[in-house]
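Biologist: I would like to learn how to read side-chain features in a model. Can we take them one at a time?

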Amino acid sequence: MRRHFYTNFCFAGLLLVGLLALTSPARAQTDLLRDLEKQTTDSTKREPVAATFKGTHIINAQSVETPGHGTLAFLIQHRFGTLNSGAYEFFGLDNAELRLSFEYGLSDRLAVGVGRSSQEKTFDGFLKYRALRQTSGARPVPVSVTLFASSAITTLKFNEVANTSERRVGSRLDYAYQVLIARKFNSNLSVQLMPTLIHRNYVALAGMQNDVYSIGAGLRQKLTKRVALTADYFYVLPGYVADNFHNALGLGVDIETGGHVFQLHVTNSKGMTEKFFVPQTEGNFFKGDIYFGFTVARNFTIKSQL
């Protein structure tokens with residue numbers, strides 16, 4: 001009887017060991033399949049690429065970025081006089097142009113903005129729409145595409161000797177249309193191309209066209225966690241502006257300081273809206289007609305996302 005008990009006990013023990021040996025590989029295989037399934041799911045996700053540029057402007061140019069849904073951006077853009085104006089003008093610091101603007105994200109894709117420049121006492125407004133966003137992961141989208149359209153009006157007092165066409169309100173209006181195409185190649189380098197059309201209802205000088213076609217390029221090269229080099233350039237197609245105008249070139253440094261981005265730059269363009277710096281840049285960068293300036297951008301959350 002006792003021998004029979006020991007035999008059954010040993011058999012049960014062997015059976016239990018065998019079941020554990022069988023279930024352990026099955027459990028390990030199930031866990032492995034679960035991990036593989038999770039990896040496969042993660043690899044099929046399409047993630048948007050963030051922070052192609054750190055602000056809505058590069059230097060002169062708009063960037064593909066928008067403020068974001070419910071975010072209000074307040075920008076102060078400042079340009080001193082040219083460095084080659086001499087010591088009497090304190091190398092340009094005695095003179096200045098200023099633009100104040102607000103940009104608001106109606107959604108993550110659509111933004112509106114208004115601004116006022118001291119140059120020609122100009123008011124401007126614009127719409128900016130993120131049509132396409134660069135993504136990583138499965139079937140990645142290689143570039144971001146943002147559409148930009150703006151209108152500007154000068155409010156300078158009428159010249160008493162001006163001709164009648166200059167007196168009309170319509171003649172004071174200018175329009176800008178851009179397709180902003182950008183790619184963030186890695187965490188440090190971003191590049192942007194900007195086909196541009198400027199339409200001016202009125203031009204005062206011979207050799208100036210109402211429609212001006214240009215192609216712009218911009219880049220951002222990150223140096224440290226909070227500092228990056230920036231540059232932008234606009235090439236105007238020959239024959240669309242008078243001979244005394246030049247292509248706009250800007251070089252700058254972006255500094256991130258908590259809630260805002262501080263941008264320092266030099267450029268040969270005094271104007272800070274498309275109607276000025278694309279077709280009406282008077283300075284020659286390589287002859288010392290260089291304006292030192294800065295841009296301060298501060299973001300405020302107006303509408304929190306749930």
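Biologist: Is Leu 147 buried, partly exposed or exposed?

Modeller: This is a predicted model. Buried means under 20% relative accessible area, and exposed means over 50%. Leu 147 has 39%, so it is partly exposed. Leu 147 is found in strand 7, residues 144-154.

Biologist: Which residues form the nonpolar patch on the surface?

Modeller: Leu 147 is one of them, and others include Tyr 129, Val 179, Tyr 213 and Leu 237. Together the patch residues have about 800 Å² of accessible area. Strand 8 (173-184), strand 10 (211-222) and strand 11 (227-236) each give two or more residues.

Biologist: How many aromatic pairs does the structure hold?

Modeller: Eight. Read the angle between the planes: over 60 degrees counts as edge-to-face, under 30 as stacked, and the rest as tilted. Tyr 213 and Tyr 240 have ring centres 5.4 Å apart and planes at 75 degrees, so this pair is edge-to-face. Tyr 213 is in strand 10, and Tyr 240 is in the loop between strand 11 and strand 12, 27 residues apart. Tyr 213 is partly exposed at 36%, and Tyr 240 is partly exposed at 25%.

Biologist: What are the centre distance and plane angle for Phe 234 and Phe 277?

Modeller: They are 5.3 Å and 50 degrees, so the pair is tilted. Phe 234 lies in strand 11 and Phe 277 in helix 3, so the pair ties together parts 43 residues apart in sequence. Phe 234 is buried at 1%. Phe 277 is buried at 0%.

Biologist: Which ring does the charged end of Arg 298 sit over?

Modeller: The ring of Phe 300, 5.5 Å from its centre.

Note on methods. Residues are numbered from 1 along each chain as its sequence is written. This is a predicted model: local features need pLDDT of at least 70, side-chain atom pairs count only at pLDDT 80 or more; totals for chains, interfaces and linings use all residues. Side-chain values use heavy atoms; hydrogens and water are left out. Patches are made of residues with over 30% relative accessible area and no salt bridge: like charges are joined within 9 Å, nonpolar side chains (Val, Leu, Ile, Met, Phe, Trp, Tyr) within 5 Å. Accessible areas come from the Shrake-Rupley method with a 1.4 Å probe; for residues, only the protein chains shown count as cover. A salt bridge is a side-chain nitrogen of Lys or Arg within 4 Å of a carboxyl oxygen of Asp or Glu. Helices (H or I, at least four residues) and strands (E, at least two) are DSSP runs, numbered from the N terminus. Buried means under 20% relative accessible area, exposed over 50%, partly exposed in between (1.4 Å probe, protein chains only). Rings of Phe, Tyr and Trp (its six-membered ring) pair if their centres lie within 6.5 Å; planes under 30 degrees apart count as stacked, over 60 as edge-to-face and the rest as tilted. A charge sits over a ring if NZ of Lys or CZ of Arg is within 6 Å of the ring centre and within 35 degrees of the ring normal.
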